[in-house]
Protein chains: 2
Amino acid sequence: MFFLKSLPTRNVLIEYKKRFPNMDIEAVESALNLLRQASLLERHLDAYFSTQGLSQLRFLILIVLDRENRKASLKSSDIADRLDISRPVMTRTIQALEKAKAVRISEDEFDGRAKVVSLTDCGRSILYNSLPGYYDIIRDFMERNRDSTVS
Amino acid sequence: MFFLKSLPTRNVLIEYKKRFPNMDIEAVESALNLLRQASLLERHLDAYFSTQGLSQLRFLILIVLDRENRKASLKSSDIADRLDISRPVMTRTIQALEKAKAVRISEDEFDGRAKVVSLTDCGRSILYNSLPGYYDIIRDFMERNRDSTVS
DNA sequence: TCCATCTAGTTACCATGATAACTATATGGA
DNA sequence: TCCATATAGTTATCATGGTAACTAGATGGA
């Protein structure tokens, strides 16, 4: 989350550059724009997900499972790796998803330490019901922000 | 924070579009790229800020104060508005900054409810010491990612 | 084979965002 | 003037990210 409603004007950046000459004005402008845009989009998505009983991460877990579930169930740690997220967060989140009947957690038959996660029919409907709204938010957001874009 | 290390390929998106025709493939690609890039940059910045005894938000508060402190001290709620952040978070964060001697909190002379926040010399040095490293991270990041850019 | 080391998952705890509900003060219309 | 309502800040609590340290199981070289 990055906030700063009104980004610094170019003049302000030029002032800072006088004192900190290693600053790259274009890079800073693009970076702040990137951070701000992404934070706004994340807020829209988070608000939407919470109406669906989901969160960013829960949604992504369902997406990953839907994408690769047919070949085999995924180990919890594989999902964590793919999502670039810590294992404790993974544990907590898949337990919440299991409680919501969206995933099934079972023992791995080859590795006694591992758990495998698979999507339930219920989980798949939650995901598929949420996707149209998700795509609408993205389309509207990208449309509205086509101009204030990141280089 | 948006994770998903490897974004969906175009083929995967095309598959989803068959089922969810309201999806705009270009928009989804751009949006996921935007979210991923911003999350990576935020991670770099957060890691850097924590070496400086700062956080994103503490840094931004110092920046806002530095930018506008000369004309008058800022009310806590004005900063919260500018940073688009909730007041409880503001309360907690300026109290932490006060404890670190980076800001001074005093009563507003016109409004008995309000508090005004101003940058201390110590706070200004913390900020100015952190800026060169901050600009370096941004420059390097934007350089490395000039190609994988957001439309 | 056996032990050192690695890995999967969990637990405990911290950081930092949010909202709801509270207190104290300000403000404006009857 | 006085009271209803609005606003500033705080407190309590939740959500969701992280790391450190733990348990249990896997693995590979002496």
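The model is predicted: local features need pLDDT of at least 70, side-chain atom pairs count only at pLDDT 80 or more, and totals for chains, interfaces and linings use all residues. Residues are numbered from 1 along each chain as its sequence is written, chains are lettered from A and ligands numbered from 1 in the order in which they are written, and side-chain values use heavy atoms, leaving out hydrogens and water.

**How the two copies relate**

**The fold of chain A**

- Chain A has six helices and three strands, taken as DSSP runs numbered from the N terminus (helices are H or I with at least four residues, strands E with at least two).
- Along the sequence, the pattern of chain A reads α-α-α-β-α-α-β-β-α.
- Chain A is more spread out than a compact globule, because its radius of gyration of 20 Å is well over the 15 Å that the globule rule gives for 151 residues. The radius is taken over C-alpha atoms, and the rule is 2.2 Å times the number of residues to the power 0.38.
- Taken along the principal axes, the C-alpha atoms of chain A fill a box of roughly 65 × 35 × 25 Å.
- Of the 151 residues in chain A, 48% are buried, meaning under 20% relative accessible area with a 1.4 Å probe and protein chains only.
- Among contacts in chain A between residues at least 6 apart in sequence, 59% join residues at least 24 apart.

**Around DNA strand C**

- There are 22 residues around DNA strand C, and Ser77(A), Thr91(A), Arg113(A), Lys115(A) and Gly112(B) come nearest; a residue is near a strand if one of its heavy atoms lies within 4 Å of it.
- Of the atoms of DNA strand C that come within 4 Å of the protein, 60% are accounted for by sugar and phosphate.
- Polar contacts are pairs of N or O atoms within 3.5 Å; within protein, one must be able to donate a hydrogen and the other to accept it, and residues adjacent in sequence count only if both atoms are side-chain atoms.
- H5(A) gives the largest share of the surface near DNA strand C, four residues.

**Around DNA strand D**

- Gly112(A), Arg113(A), Ser77(B), Thr91(B) and Arg113(B) come nearest of the 22 residues around DNA strand D.
- Phosphate oxygens of DNA strand D lie 2.8 Å from an N or O atom in the side chain of Ser86(A), 2.8 Å from a backbone N or O atom of Gly112(A), and 2.7 Å from an N or O atom in the side chain of Thr91(B).
- With four residues, H5(B) gives the most to the surface near DNA strand D.

Definitions and conventions: Buried < 20%, exposed > 50% of the residue type's maximum accessible area, 1.4 Å probe, protein only. Contact = heavy atoms within 4.5 Å.
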